[in-house]
Amino acid sequence: MSKKPVLFISLWMLASAVCVGQHITSYRDAGRTGLNVTDHMLLLDSRKVLYGDGAAETVGTPYLAETFDSADVYTLKGVFNSMQMRYNVHEDYMEYKDKDVVYILDPALNIKRVDLGNNRFVVEKSEAGGKMKLGYFVLLDSGKVTLLAKKNVAYREPQPAKAMQEATLGSYTKQKDEYFFKIGNGQLNEITSPKRMIESFPDKKDELEQFVRKEKISRNEEDLTRLVRYYNSL
C-alpha cells in the first residue's frame, strides 16, 4: 500500500494551492496539540499517522461520507468553488483532495461556511471537555435564532486477544447528533428538550408552547427545524 501525504493547510495557503497550484510543506506532530493552522501548514508523513495501516485494521468510518464530493468554501479572503472535499467527523476537520495530495482544513474563524454535498457547515465555538474549541456544525436554519447540528463518531481502540476472548479491531461508530441554538450572535446552547429551549424565548413563549403541543414537537432534526422556522417567522 503506497503512502499518500496529508497536509494541514491554512486558508491563505489554501488560496495558493487552488490558484497557483503550489504546495508548501512543513511538519506537524501527529497529536494535533494546539498548533494554529491559520499560521502553519503542516505535513504528516502518511495516512498511517492518523488512521493506522488502513481500512483493514478498522471497521466503520470516521467520515460523514467516504467519497469526496464537490464543495464551495466561503472565507473572509474569498470563495473557492468546486473543491473535492469530505468531512472527517471523528477528527472534526475537512479533507480537501488535489490530485494525489490530501489537505486538512481545520475549523477556523475566517471560514464563513463550507457547502459540501447537501450540507452547509459553519464554524462555531463550543465547550468540550471543559474547554472552548472551534468546530464544524451543520447549519439547519438561521434568522433571529440559528439552529445547528453537531455530527459525532466514536472510536473504540482495538483490543488484544485475552483468555476466552478473541482480539477485536478498532472501530468507528456513528453517534446521535447533538443540537444547538443561538440567539443572534450569542453563544451556543445545547438543546436538551424543546420545552427547555423555548424558555429562552419569553417574547413568544405562549405561541411556541402551543406550537409544540399541536405539532407534537420532539428533539429530532425535522421537528426542531420546524420549531425554529416557526419562531423565525413570527
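This is a predicted model: local features need pLDDT of at least 70, side-chain atom pairs count only at pLDDT 80 or more; totals for chains, interfaces and linings use all residues.
1. Let's start with the aromatic rings. The model holds nine aromatic pairs. Take Tyr96 and Tyr103: their ring centres are 5.6 Å apart and their planes meet at 25°, so this pair counts as stacked. The cut-off for that label is planes under 30 degrees apart. Both Tyr96 and Tyr103 are buried.

2. Now look at another pair, Phe181 with Phe201. Their ring centres lie 5.5 Å apart, but the planes stand at 65°, so the pair is edge-to-face. Here the angle is what to check, as edge-to-face asks for planes over 60 degrees apart.

3. Where do Phe181 and Phe201 sit along the chain? Phe181 belongs to strand S14 (residues 178–183), while Phe201 is in the loop between helix H3 (194–198) and helix H4 (205–215), so their pairing ties together parts that are 20 residues apart in sequence. Phe181 is buried, with a relative accessible area of 4%, and Phe201 is buried with a relative accessible area of 4% too.

4. Rings can also gather in groups. One aromatic cluster is formed by Tyr87, Phe121 and Tyr136.

5. Arg86 lies over the face of Tyr63, 3.7 Å from the ring centre. Likewise, Arg113 places its charged end over the ring of Tyr74, at 3.7 Å from the centre of that ring.

6. Which residues touch the most other members of the largest nonpolar core? They are Met85, Met94, Val114 and Tyr136, in a core of 40 residues.

7. Finally, a charged residue. Is Asp177 buried or exposed? Asp177 has a relative accessible area of 14%, so this residue is buried, the limit being under 20%. Asp177 is found in the loop between strand S13 (170–174) and S14, and S14 is the strand that carries Phe181. The side chains of Asp177 and Lys151 are joined by a polar contact of 2.9 Å. Setting aside neighbours within four places in sequence, Asp177 is in contact with Lys150, Lys151, Asn152, Arg219 and Glu221.

How values were computed. Residues are numbered from 1 along each chain as its sequence is written. Side-chain values use heavy atoms; hydrogens and water are left out. Rings of Phe, Tyr and Trp (its six-membered ring) pair if their centres lie within 6.5 Å; planes under 30 degrees apart count as stacked, over 60 as edge-to-face and the rest as tilted. Buried means under 20% relative accessible area, exposed over 50%, partly exposed in between (1.4 Å probe, protein chains only). Helices (H or I, at least four residues) and strands (E, at least two) are DSSP runs, numbered from the N terminus. A charge sits over a ring if NZ of Lys or CZ of Arg is within 6 Å of the ring centre and within 35 degrees of the ring normal. A nonpolar core is a set of buried Ala, Val, Leu, Ile, Met, Phe, Trp, Tyr and Cys residues joined through side-chain atoms within 4.5 Å. A polar contact is a pair of N or O atoms within 3.5 Å; within protein, one must be able to donate a hydrogen and the other to accept it, and residues adjacent in sequence count only if both atoms are side-chain atoms. Contact means heavy atoms within 4.5 Å.
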